[in-house]
Amino acid sequence: TAPESARLPAIHTQNLVSVLEKFARQPQRLGDLQGEYYALEMWHETNAQKENTIRRQTTFPPSIGEEQGNEVKNLILSGPHFFVGNPLNKTSRQVCTLSSHYDIIDLTTSPNDYLPRTNYVPDCDPIEYRRRTPKVPWGDKNPVTNFYRFVARRQLSQSGERTFIGAIMPKGSAHVHPVISTTFKNSEQLIKFTGLSSSIVYDFYIKTTGKSDLYESILRLLPLPETDRNLTIRTLALNCLTTHYAELWQDCWQPEFSQTQWSKPDPRLPNTFWSHLTPTWQRNCALRTDYSRRQALVEIDVLVSMALGLTLEELNYHLPRPISRHATIRTGNLLRPKRANRLHHQQRLSRCRLTPQRQQKNPNRRNYHHRRYPPHRCVSTDD
């Protein structure tokens, strides 16, 4: 791109320029893996239904048992189904007509072979469906459904909790076009790219583009720095939640995984989780509690920052971290000290408090702020 026509990054402080410079100095990017990855949008929600490839039907997809390789059939993902490092984020309700008609999945109680409800199913016979499925450009040009893939929400929320939202989808599954998937020839590259993409650092980079849609033209710009097994095992433990990932777990297994440790001593984070890992996937190979999963993501943030050469100051103070209040309560993450939180509440209250003039104009009007933000609901994070 010519300098005079290049798109300027969306940054709010000059200090962030040093972070972008370190991104720019990386020697390898996804786009350098020509012929070793394939990104696509797959089924268009409108056109694919007109062509009788898929049809709208909310139902649980069938899952074939272990004797047949835990094959997934008829699972067509939508954006709400997954989140950052979590392929089992939500499941469609029995009646699913809005984006809010999804329920959060409890990973601590979900079965080993669980699959969420899907809103679409194939509308043609299996042979024709396989024939219409996009093929990878390498080898025997097999359908993309023969591979584990990285999936990401195509619509980018620049003001949301996270902008770059992706996870690993199991073999046999498909998706509609509000989701973009990337198929890798090498499983190690898949795990590496997924781990990097799960970090707040890559989320920041996507934010700086200012784009509202995620396409391969953006993905190919993401750097691929050298990483180690610490990123690999945390990515696997976050994504390999069911028996449908057993093959991926076994292919990527390293004996050194059992020597991994958490970065801090905490009774909620026993190191026995790592020491009890096995080469064959079993239920306890997956991180399931909110706290342990959040801690793994925080450690991934640090590992990716180290791989890119970022300093701790750049990670802690310069990168924006828009975390929702709901996520703060669920994970127990210490995001704001008590005093700052109290001042934040008082500032909002002062902006919303009724003035004498407004009270005279409508004497029966109540203070709306107290109804919506009562003082006892103010979150304290250091008690």
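Predicted model: local features only at pLDDT ≥ 70, side-chain atom pairs only at ≥ 80, totals over all residues.
Visitor: How many bridges join β7 to β8?
Guide: On one side, β7 (residues 149-153) pairs with β10 (residues 179-184) in the antiparallel sense, over five bridges. With β8, strand β7 also runs antiparallel. The number of bridges joining β7 to β8 is four.

Visitor: Which residue of β10 is the bridge partner of Phe150?
Guide: Phe150 stands opposite Ile168 in β8. Ala152 has its own bridge partner in β10, Ile180. For Phe150, the bridge partner in β10 is Thr182.

Visitor: How many residues of β7 are buried?
Guide: Buried means under 20% relative accessible area, exposed means over 50%, and partly exposed lies in between (1.4 Å probe, protein chains only). β7 is mostly covered. Of its five residues, the number buried is four.

Visitor: How many residues of helix α5 are buried?
Guide: Helix α5 spans residues 200-208, and its buried residues include Ile200, Tyr202, Asp203 and Lys207. Just after α5, Gly210 takes a positive phi of about 70°. The helix is largely enclosed by the rest of the structure, because its buried residues number nine of the nine.

Visitor: Which elements do the buried residues of α7 pack against?
Guide: Nine of the 11 residues of helix α7 (residues 229-239) are buried, so this helix is largely enclosed by the rest of the structure. Among them are Leu231, Ile233, Arg234 and Asn239. These buried residues pack against β8, α4, α8 (246-252), α9 (272-275) and α10 (290-308).

Visitor: Which residues does Ser305 touch, not counting those up to four places away in sequence?
Guide: Ser305 lies in helix α10. Its relative accessibility is 3%, so Ser305 counts as buried. A contact means heavy atoms within 4.5 Å, and Ser305 touches Val201, Leu310 and Leu315.

Visitor: Is Pro61 buried or exposed?
Guide: Pro61 lies in the loop between β2 (54-59) and β3 (76-77). Leaving aside neighbours within four places in sequence, its contacts include Asn74, Leu75, Leu115 and Pro116. At 10% relative accessibility, Pro61 counts as buried.

Visitor: What phi does Asn74 have?
Guide: Most residues other than glycine have a negative phi. Asn74 is in the loop between β2 and β3, and at 33% relative accessibility it counts as partly exposed. Although Asn74 is not a glycine, its phi is positive, at about 65°.

Visitor: About how much space lies in the largest cavity?
Guide: On a 1 Å grid over the protein atoms alone, a cavity is a set of points where a 1.4 Å probe fits but cannot get out, and lining residues have an atom within 4 Å of a point. Grid points are joined across faces, edges and corners, and a volume is the space filled by probe spheres set on the points. A search of the whole structure finds one cavity of 30 Å³ or more. The largest cavity holds about 80 Å³.

Visitor: How many residues of the lining are nonpolar?
Guide: The lining includes Leu75, Pro87, Tyr114, Thr242 and His244. Ala, Val, Leu, Ile, Met, Phe, Trp, Tyr, Cys and Pro count as nonpolar, Asp, Glu, Lys and Arg as charged, and the others, Gly among them, as polar. The lining has two polar residues and no charged ones, and its nonpolar residues number 10.

Technical notes:
Residues numbered from 1 in each chain as written. Heavy atoms only, no water. Helix = DSSP H or I, 4+ residues; strand = E, 2+ residues; numbered from the N terminus. Pairing = 2+ DSSP bridges. 1 Å grid on protein atoms, 1.4 Å probe; cavity = no way out; pocket = protein on both sides within 12 Å on 5 of 7 lines; lining within 4 Å.
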